[in-house]
Amino acid sequence: MRLPRPSSLNSLMLTGFALVSIPLLLGVVIAATKVRNLSEESATLVRSGVQTTHYTQQLFQQIAPIERSAKLYQVLNDPGLLDVYGDSRERLLATLASIETTAADQEHAVQLQAIRNSLRRIDAALLSPTPASPEVIRDAVDAVQPMWQAAFALTAATGEQVETGLSRLQQSTSDTQKYLFWQSAVLILLTAMLVGVFTFLLMRPIRQIDLAISQLGKGTFSKSIAVRGPVDLVNLGRQLEWLRVRLLELAQERNRFLRHMSHELKTPLASIREGTELLMDGAVGELDSAQREVTTILRDNGIKLQQLIENLLEFSAWQARHAGLEISEFRLRPLIKSALETHQLTLLAQRVHLDLKVQDIELHADRAKLKLILDNLLSNALKYSPRGGTIFIHAKADKDQLVLDVADTGPGISKDERSAIFDAFYSGRAPVSGHLKGTGIGLSVVSEFVQAHGGSIEILDGMFPGAHFRVRLPLAPALEGEPA
């Protein structure tokens with residue numbers, strides 16, 4: 001079962017914003033709830049402490065008149081003092097009830113009960129229907145002292161209760177801080193992961209489209225374009241694939257046109273060359289020096305024109321044959337040896353020395369195309385190397401890439417020529433030292449085959465005296481069927 005996925009770029013972005021925002025909003029709500037709970041707890045603690053302290057202060061104010069009334073009644077035996085005692089007693093009972101409601105803990109309950117017990121002893125003497133004996137009144141006066149002790153104990157218990165509440169509040173504050181810290185860390189990590197996921201989901205099809213456009217811009221039409229992602233980007237990928245197919249068809253149409261035109265041109269050109277050769281051989285009479293010079297010009301330019309037509313035919317046939325890669329596994333040294341054997345006679349004729357530093361690397365590539373890359377680079381080096389010069393061929397593995405250097409001791413390549421050196425049929429302006437007939441396709445083949453393998457080619461300066469080409473190819477390039 002596949003989870004539903006956003007169908008468009010806008011829905012993907014909105015989904016991403018929503019999923020990133022939800023944890024942040026949840027974190028804010030949780031943090032606000034924690035802070036509110038701490039605020040309520042601190043407010044409750046302050047309110048309870050203030051009320052309990054206020055009531056314990058009232059106890060001292062209310063025990064004093066009770067004690068005074070009891071002692072005066074003991075001395076004066078004045079019934080009017082009983083009314084004063086009764087009023088003080090009612091206020092004391094109300095205060096005790098308030099304290100019992102506000103501070104309902106064991107220590108407060110014990111001291112409140114002690115005050116009530118002392119108050120009963122005083123009641124037994126002062127509120128008795130019959131006159132109390134001096135011993136009972138004395139016991140009532142003695143009962144006031146435990147009331148004072150209980151009141152002081154209540155004050156201490158209230159202070160201890162406040163301290164305990166403050167400690168608990170501090171612990172709660174510390175726990176909340178830790179909780180919010182870890183919550184923030186988790187939210188930051190989660191948000192970063194979500195941002196990373198949606199960035200990948202968003203950038204992957206964009207990179208695929210960018211790579212596809214880059215390939216089309218370089219004229220590489222062999223790799224199919226497949227874009228994965230939102231529907232609108234997938235549709236854009238389909239349009240690019242349609243454009244690739246259309247451009248490939250146009251290229252094939254161009255090649256067919258070139259082949260047809262080249263064949264059509266070869267017939268009259270052959271007649272022109274044959275007539276020129278007859279003139280050179282004196283078939284219509286001996287030629288003077290001026291006529292022979294003109295005839296030589298016609299013959300040489302006819303040969304050049306025929307060579308151009310053959311190059312066009314060969315280039316068109318090459319593009320028709322080599323639309324894709326045929327990946328196989330092989331070693332590099334035997335391939336370079338095979339390419340050198342092809343040019344062995346020319347190397348001997350021009351007395352060119354070889355500087356070989358080649359690692360025996362195992363490759364997964366198109367063997368025929370890589371051999372053609374070597375053939376063209378060697379042909380170019382032989383073409384511009386002086387007699388007795390040196391051609392350098394170095395190859396090594398650099399991580400997951402093959403680094404191939406082919407250089408010579410010729411005049412090199414000027415800066416202003418480098419932008420066109422890989423164009424088909426471009427001929428450099430440097431003087432040609434050798435007399436090698438190349439493949440006729442030029443360095444454009446090298447560039448296209450290197451790009452087909454997912455590699456790169458560049459011209460370097462400083463390491464060798466002449467032209468220096470560096471080719472980078474992956475040791476195991478991606479197959480055509482794999483998505484871009």
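Biologist: At 1.5 Å a residue, what should the 50 residues of helix α6 (residues 231-280) span?

Modeller: They should span 74 Å, and the end C-alpha atoms of α6 lie 70 Å apart, which agrees. The expected span is 1.5 Å times one less than the number of residues. Helices here are DSSP runs of H or I with at least four residues, and strands are E runs of at least two, numbered from the N terminus. Bear in mind that this is a predicted model, where local features need pLDDT of at least 70 and side-chain atom pairs pLDDT 80 or more, while totals for chains, interfaces and linings use all residues. Residues are numbered from 1 along each chain as its sequence is written, and side-chain values use heavy atoms, without hydrogens or water.

Biologist: Where does α6 bend?

Modeller: At T267, by about 25 degrees, and the proline P268 follows within four residues. A bend is the angle between axes fitted to the seven residues ending at a residue and the seven starting there. After α6 comes G282, with a positive phi near 80 degrees.

Biologist: And how many residues does α5 have?

Modeller: Helix α5 (residues 144-217) has 74 residues and reaches 106 Å from first C-alpha to last, close to the expected 110 Å. Its kink of about 25 degrees is at M203, shortly before the proline P205.

Biologist: How do I read a pair of packed helices?

Modeller: You describe them by the angle between their axes and the distance between those axes. Axes are lines fitted to C-alpha atoms, for helices over the stretch in contact, and angles run from 0 to 180 degrees between N-to-C directions. Take α2 (residues 80-102) and α3 (residues 106-126): the angle is about 165 degrees and the axes are 11 Å apart. That makes α2 roughly antiparallel to α3 (under 35 degrees is roughly parallel, over 145 roughly antiparallel, 65 to 115 roughly perpendicular, the rest oblique).

Biologist: Which residues of α2 and α3 make the contact?

Modeller: With contact meaning heavy atoms within 4.5 Å, they include L82, Y85 and R89 of α2, and H108, L112 and I115 of α3. By class, this contact has 12 nonpolar, one polar and four charged residues (nonpolar: Ala, Val, Leu, Ile, Met, Phe, Trp, Tyr, Cys, Pro; charged: Asp, Glu, Lys, Arg; polar: the others, Gly among them).

Biologist: At what angle do α8 and α10 pack?

Modeller: Helix α8 (residues 332-342) and α10 (residues 367-384) pack at about 45 degrees, axes 10 Å apart, and are therefore oblique. Among the residues that meet are L332 and P334 in α8, and R367 and L370 in α10. That contact has nine nonpolar, two polar and three charged residues.
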